[in-house]
Amino acid sequence: MLRLRFRVICGTRRTLALIDTPDPDCPNCRGAGGIGHDYGHPETGEYEGTDYEFCPCWTTWSLPLLPLPRWFRRTPRGYSSEPPF
């Protein structure tokens, strides 16, 4: 079952998309969408990274809906150094 949510995704341009989210009640991944497996260097045993195994409760499905206008991406100009009170 799809649990749909709106999210801003970034590609060549920021876009509003409809995406699927992991099941929050999944007993395997506990709502994270995947299970991480840590691994180490075979000779020293030092930590090298984490491999993620995606859970079947979640698909990486997304549907881009519309690109956001450029004025959404601007940061405000003219910052003040005075306190807000």
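Residues are numbered from 1 along each chain as its sequence is written, and side-chain values use heavy atoms, with hydrogens and water left out. Because the model is predicted, local features need pLDDT of at least 70 and side-chain atom pairs count only at pLDDT 80 or more, whereas totals for chains, interfaces and linings use all residues.

Thr-21 is placed in the loop between β2 (14-20) and β3 (34-40) (strands are DSSP runs of E, at least two residues, numbered from the N terminus). With a relative accessible area of 10%, Thr-21 is buried (under 20%; exposed is over 50% and partly exposed in between, with a 1.4 Å probe and protein chains only). Apart from neighbours within four places in sequence, Thr-21 is in contact (heavy atoms within 4.5 Å) with Arg-3, Arg-5 and Trp-58.

The loop between β2 and β3 also holds Cys-29, which is buried at a relative accessible area of 7%. Residues up to four places away in sequence not being counted, Cys-29 touches Gly-34, Ile-35, Cys-55 and Cys-57. The C-alpha atoms of Cys-29 and Phe-54 are separated by 8.7 Å, although these residues are 25 residues apart along the chain.

Leu-63 is found in strand β5 and is partly exposed, at 40% relative accessibility. Strands β1 (4-10) and β5 (62-67) each supply at least two residues of the nonpolar patch, and β5 gives the most, with 3 residues.

Notes
Helix = DSSP H or I, 4+ residues; strand = E, 2+ residues; numbered from the N terminus.
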